[in-house]
Amino acid sequence: MVSLINIIISVFVLFVVFLNLDTVEGSKREAQLYRDLLANYSYLVRPVRNPKKALTVTMKVFIQQVLTVDAKHQMIEVNAWLKYVWTDFRLRWHPPDYENITSVRFYGEDQIWQPDILLEQESFDITYKTNALVYNDGVINWIPPGIFKLSCKMDITLFPFDEQICFMKFGSWTYHGFALDLRLDTVKGQEPSADLSTYITNGEWHLLAAPARREEKFYKCCREPYPTVKFYLHLRRRTFYYVFNVILPTLLVSFMSLLAFCLPATDLSEKIGLQTTILLSVCFFLTILSEMTPTTSEAVPLLGVFFSALTFIVAISTTFTILVLNIRYRQITNHYLTPFFRSIFLEWLPWCMMMKRPDHKFRRGSSYRDSTADQCVQCAKNAELKSILRGTDNQKQVDNDTLYPFPAETLSLKRKVGDGLFIQRRCQVHEEARSEKFTRGMRACERTLREDGSELANVLVTIIKMYEVMVTQVDRIRKRIALKRKRKDIQDEWKFAAQAVDRFCLILFTIVFITLCSIFVFIPPIKILD
């Protein structure tokens, strides 16, 4: 039932069309104009009266958009309109004879002659076959739009702050310059260039300019010139994406490698772990960069060199961190502190780094202990220290008359030369002299008491013996304490040497890092933010 209704409707529509067939017709004068123009017309014949003269064809490009720039494969894709203008004397007419029709349109090269101008580069050319607009004076305008994918040799040395210059080269595929004279459509007083009035900006590239130039080339095989026109595309890469997503994160991560030298070397795993993490992060960004740049050996990107230098700096800083930790955890039982090492890392290097060490002073590349820290009773000059030694601190003042003076040594050449120069030697001499004097006195007392032979004398001798044993044990304890103190001092020297190397590495790598960043920033003519 439904199919029968469809058949009835179709028959009714055909009947109405046949009834109005006499009223549905085009302009008879326009149809006559097409018949008159194409009568005896051959689209294979070049439209010139004299076959020895060249036909002039002017060309202009209207760039609509730069679609893609594939730096990895060195290809560029452009959306553009091509405008060709030439004159065909066979396509002229008098408008009053044809109802004042001043223009007609012909489709494709199967009806009228058209120039075989193509993009000569190895490319993929998609042009839509549009109508050619013919005016009554024989002037023909043909504007085919197209998408052109052309090869472009790119210099990636300054990537991602690079500028690329590509060109579109057009020329006749079969006609030489004596048959077809290809010229640029220019405005008088202006430099020849592509039209950018309808250009749509690209998110990754700036199109700075599109100048044009006409060239003629001669080949060895032929004497005829072959004219071509080139439309250059001056492109500059936008750098916001690379700065905020690649460069700044890498700089921040690399800067953290400097902060690692400020980290105390008390925890071995934390310091090494931080440097290793930073090194892996820089390698990760370097991998991302390698995927963005084309695989070529003709040029190395500046950013790639910068990242490689950062990777090298971080790797070297990791090595120095291991060296610092090696110095920090050295023990007196397995390492000997040589005089050369002491001179370099405990005297000269801390002095250059303007470091301070407790109880030590640095002067002109040398180190010496502060004299006030090792003063003995005989060398004490401070009044407060004297009062403490005399027992006046929180105690009743003792009269000076009740204190027996400590007998002093007579001034000798040895004391005059040795004691007056070095404080430690002077204090040590005083202690040895006091100990020797005490020992002689105790022995003299013991001899006197033995000669006496009384019971009280025997008791005093026993007390003196016990006292001598106590003095011996105290002396042994003092020597053990002195040995421990010496070992602790050497251990502190290893730690201070590690701190000096840490400070040296911090200053050294900071200078290198700032220098590298300055070279990268101030290399002309790159623009960081664009």
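Accessible areas here come from the Shrake-Rupley method with a 1.4 Å probe, and for residues only the protein chains shown count as cover. This is a predicted model, in which local features need pLDDT of at least 70 and side-chain atom pairs count only at pLDDT 80 or more, while totals for chains, interfaces and linings use all residues. Residues are numbered from 1 along each chain as its sequence is written, and side-chain values use heavy atoms, with hydrogens and water left out.

**View 1. Overview of the chain.** The chain exposes about 33,900 Å², of which carbon and sulfur atoms supply 60%. Of its 530 residues, 34% count as buried (buried means under 20% relative accessible area, exposed over 50%, and partly exposed in between, with a 1.4 Å probe and protein chains only). The chain contains ten helices and 15 strands, which are DSSP runs numbered from the N terminus (helices are H or I of at least four residues, strands are E of at least two). Among contacts with a separation of 6 or more, 73% are made by residues 24 or more positions apart, a contact being heavy atoms within 4.5 Å.

**View 2. The largest nonpolar core, around M59.** A nonpolar core is a set of buried Ala, Val, Leu, Ile, Met, Phe, Trp, Tyr and Cys residues joined through side-chain atoms within 4.5 Å. The largest such core has 52 residues, and M59, I76 and F170 touch the most other members. When neighbours within four places in sequence are left aside, the contacts of M59 include I117, F170, L182, L184, V229 and F231, as well as K83, R183 and D185. A second, separate core of 43 residues includes I156, V253, L310 and F520.

**View 3. Q114 in its loop.** Q114 is found in the loop between β3 (103-107) and β4 (117-119), and with a relative accessible area of 10% it is buried. Not counting residues up to four places away in sequence, Q114 touches W86, G108, E109, A132 and W142.

View 4. A salt bridge is a side-chain nitrogen of Lys or Arg within 4 Å of a carboxyl oxygen of Asp or Glu, and the structure holds 13 of them. R236 is buried at a relative accessible area of 14%, whereas E163 counts as partly exposed at 37%. K230 and E215 also meet through their side chains in a salt bridge (3.6 Å, N to O). Because K230 lies in strand β13 and E215 in strand β12 (residues 212-217), this pair ties together parts that are 15 residues apart in sequence.

**View 5. The R90 and D88 pair.** R90 forms a salt bridge with D88, the closest N and O atoms being 3.4 Å apart. R90 counts as partly exposed at 23% relative accessibility, whereas D88 counts as buried at 0%.

**View 6. Spans annotated in the record.** UniProt, in an unreviewed entry, places the feature "transmembrane region" at several spans, including residues 272-290 and 302-324; such annotations may be inferred rather than shown by experiment, and their positions are given in the numbering used here, with feature names shortened. In the model, residues 272-290 are 100% helix and 0% strand, with end C-alpha atoms 27 Å apart. Residues 302-324 are likewise 100% helix and 0% strand, and their end C-alpha atoms lie 33 Å apart.
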